[in-house]
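Subject: Structure handover

Hello,

Here is the structure for you to look over. My notes on what was found follow below it.

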Amino acid sequence: MSESLLSAPVANPARVPLPLIATSAGVATKQTAKDFRSGEEVRWCPGCGDYAILAAVQGFLPELGLRRENIVFVSGIGCSSRFPYYMNTYGMHSIHGRAPAIATGLSVSRPDLSVWVVTGDGDALSIGGNHLIHALRRNVNLRILLFNNRIYGLTKGQYSPTSEPGKITKSTPMGSLDTPFNPVSLAVGAGAGFVARTVDSDRKHLTSVLRAAAEYEGTALVEIYQNCNIFNDGAFEVLKNPATRDDHLLRLEQGQPLRYGAEGERTIVRDAAGSLRPIDPAAVHGVPADEVVHDAHADDPAIAFSLSRLPENGGPTPIGVFRSVSRPSYDRQVAEQLQRAADASGPGDLDALLAGRDHWTVA
């Protein structure tokens, strides 16, 4: 490992903010969304939810206070994975499902970079499932944006690992028989320290979740419900339509009861079996004693997991930060381990390492 890596600053939540772009007079200038647009023609289907996500990310990045050359976007394969082309940062359009693995190497070896992974429900949860869960359990310093449209869009409309049972597609003409993944449940089960969900069309909420993810030291997974208006249009319409969203959408707020409905008239309680379920407080004449208050910082992952299962249990769909628990990042621990080794034995000998301790003589 190079000396520059050993002497580099240990990763921190904000990735050690670097100076803003300077003018010729040496005065720092504020960056804007325009600075992060590559100028390449954005080529998604008209009306795709990816446009909204791209605009939100470009508008948010100036907040980091980082030079563009210290930000990297790594993607796999799929519609969402065109993302790096449209960002005026470093980036890599990598291998199907392997973006977390490539990003892990980059993040660990270059702690001065802010590394982001852009992936889709097919890319991340099918061929890339193994890479995703190991990045989560290791707590590598990555921000993983998982675009979930519940369909394979790039290959023209096959069912994906998040498609609902009975989904009729080109590859399931009689309806899908698969039980879908719930990405938030999967992430919590894999031991992720930060897990969140948001919606492509809610710019304010999406930006707030991105901000929270950027501040987290370790792997931050953000599932983004993203509409594919060509092959799976309206998949999340009940959560977006003003006429229905209040009855089906639960906005998570730290330290607040899990209230939803047009007037916040419904809430979530924990039943005798320990599961979460919706209830109308009016039915029990006041605030229920077992009403649940949201705590994203709770050490027990069972709380976040139960929350992620609400839609499957007949409740609303939560959006926001499910879990944000402090854990040592993989990057920090690797850097500290390398420093201890350097302190104990001095500079390493690459030739000796390659030669190894075992030798064979072939007659």
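E291 is buried in this predicted model, with a relative accessible area of 16%; buried means under 20%, exposed over 50% and partly exposed in between, with a 1.4 Å probe and protein chains only. E291 sits in the loop between β9 (276-279) and α10. Helices (H or I, at least four residues) and strands (E, at least two) are DSSP runs, numbered from the N terminus.

The E291 side chain makes polar contacts with the side chains of R259 (2.5 Å) and T267 (2.6 Å). A polar contact is a pair of N or O atoms within 3.5 Å; within protein, one must be able to donate a hydrogen and the other to accept it, and residues adjacent in sequence count only if both atoms are side-chain atoms.

A cavity is a set of points on a 1 Å grid over the protein atoms alone where a 1.4 Å probe fits but cannot get out, and lining residues have an atom within 4 Å of a point. The largest cavity holds about 60 Å³ of space. Its lining includes V292, V293, H294 and D295. Helix α10 (residues 301-308) gives the most to that lining, with three residues.

Residues are numbered from 1 along each chain as its sequence is written, and side-chain values use heavy atoms, with hydrogens and water left out. As the model is predicted, local features need pLDDT of at least 70 and side-chain atom pairs count only at pLDDT 80 or more, while totals for chains, interfaces and linings use all residues.

Regards

Terms used:
On a 1 Å grid over the protein atoms alone, a cavity is a set of points where a 1.4 Å probe fits but cannot get out, and a pocket is an open set with protein on both sides within 12 Å along at least five of seven lines; lining residues have an atom within 4 Å of a point. Grid points are joined across faces, edges and corners, and a volume is the space filled by probe spheres set on the points.
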